Amino acid sequence: MKPLVRNAALNSYVEVSKSLGIDPRSLMTRVGLDPVGLTVQDRWISGVAVAQLLELSAVASQREDFGLRLAERRRFSNLGPISLVIREEPDVRSALELLVRHEYMYNEMLHSRLSEANGLATLKLSLEPGEAVAVRQSTELAVGAFHQLLRTFLGTRWQPVSVCFTHSPPADTGTHRRIFGPVVEFDRDFNGIVLYTDDLDAPNPMSDPLLRTYARQYFESMAVSRGASELDRVRDLIEVLLPTGRCSIEQVAGSLGVDRRTVHRHLAASGETFSSLLNATRTQIAEQLVANPRRSLTEISGLLGFSAPSAFSRWFGERFGCSPRQWRLRRGEQQPSRLHDDQ
């Protein structure tokens, strides 16, 4: 199945797009992504769709540095749970090796390798989206994000030996040189960063030895369970596609790079069908949304992928035994008594 990436890969995408005068919503819709879904950073989305979105955005904004502008805004938290462990690693080498070894936890499309020789360390990055799609912007985003991470450890004045890209230089290299300095090189034989091995030995100023053991234990328990099953991947995509109104098994299969029969087979192995998983996911989300009085029922209907509020009401009645309005009223009446009982 084709690789997925965390929603966090598009962190600040909306803000950067608007600052460059392009409409992020229309471009996301064009590649089958939902802007509302970006608020959930740990949700997984199609890596191909992300790569296509970044290329379209670069063309629409007429900015060949679009991916790099996103990289400028990268923070530790964008890495997800693994960031908690990296922050406590004793030195840069340990943190970087951990990040390389567990890259699947934040980006299934990314493949990285760290090697050392003759006093130099080379971090090579490649992207494998699973089909022929342009990845220039995604590559610059990935290299820029690693550069930002290294500067977090080594200080804002740190500079690598070189930053390399296999593609040709843009017409304007201003942003590249502002971020990377004069060491950025194009038309090289790999994408990545070259630095001194001494930099890898630098102690991590953020590390707390007392917290490291706890952080490692927490991470190891998560890393073992994160081998995202096909059921998890389909469920994540259902959540992403529901608000677009195009949540079908064909859409899910397309995002995973397989045919619908393959999806049916994987779900059957877990005792599920696409319909049962769709209904279960909808039910879980519906409970959360309808319980929030600030959400209109019409809005909720759209977020759950229904073509009309009446269709949503019929489905809700079949699942919950009452209308969404009645369910909300009953839920509201129960709240005071719960508070009273707690007191």
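S12 is found in the loop between β1 (4-6) and α1 (13-19), where helices (H or I, at least four residues) and strands (E, at least two) are DSSP runs numbered from the N terminus. The model is a predicted one, in which local features need pLDDT of at least 70 and side-chain atom pairs count only at pLDDT 80 or more, while totals for chains, interfaces and linings use all residues. Residues are numbered from 1 along each chain as its sequence is written, and side-chain values use heavy atoms, with hydrogens and water left out.

S12 is not a glycine, yet its phi is positive, at about 70°. With a relative accessibility of 13%, S12 counts as buried; buried means under 20% relative accessible area, exposed means over 50%, and partly exposed lies in between (1.4 Å probe, protein chains only). A positive phi, near 55°, also occurs at D187, a residue other than glycine. D187 sits in the loop between β6 (184-185) and β7 (191-196). The relative accessible area of D187 is 54%, so this residue is exposed.

The chain as a whole contains 17 helices and seven strands. Its C-alpha trace spans about 70 × 50 × 40 Å along the principal axes. Of the 343 residues in the chain, 50% are buried.

Charged side chains number 41 positive and 40 negative, and the centres of the two sets are 6 Å apart. In this count Lys and Arg are positive and Asp and Glu negative, with His and the chain ends not counted. Each charge is placed at NZ of Lys, CZ of Arg, CG of Asp or CD of Glu.

Confidence is expressed as pLDDT, the predictor's confidence in each residue, from 0 to 100. The mean for the chain is 86, and 91% of its residues reach 70 or more. Residues 336-343 stay under 50, and the model has one contact beyond four places in sequence for them. Where pLDDT is low, the predicted coordinates should not be read in detail.

The largest nonpolar core has 60 residues, of which L10, Y13, L33, I86 and F146 touch the most other members. Such a core is a set of buried Ala, Val, Leu, Ile, Met, Phe, Trp, Tyr and Cys residues joined through side-chain atoms within 4.5 Å. Helix α7 (residues 136-154) gives the most to this core, namely seven residues. Residues up to four places away in sequence left aside, L33 touches L10, M28, I45, A49, V50 and L53. Another core, of 33 residues, lies apart from the largest one and includes V234, C247, L278 and C322.

Helix α7 also holds R151, which at 22% relative accessibility counts as partly exposed. Beyond its neighbours within four places in sequence, R151 is in contact with T156, W158 and I179. R151 and R260 are 109 residues apart in sequence, and 44 Å separates their C-alpha atoms.

E15 lies in helix α1 and is partly exposed, with a relative accessible area of 46%. Between E15 and L70 there are 55 residues of sequence separation and 9.4 Å in space, C-alpha to C-alpha. R101 belongs to helix α6 (residues 92-101) and, at 48% relative accessibility, counts as partly exposed. R101 and L114, 13 residues apart in sequence, are 9.7 Å apart from C-alpha to C-alpha. H102 is placed in the loop between α6 and β3 (110-117). With 14% relative accessibility, H102 counts as buried. The C-alpha atoms of H102 and D172 are separated by 35 Å, and the two residues are 70 residues apart along the chain.

Technical notes:
Contact = heavy atoms within 4.5 Å.
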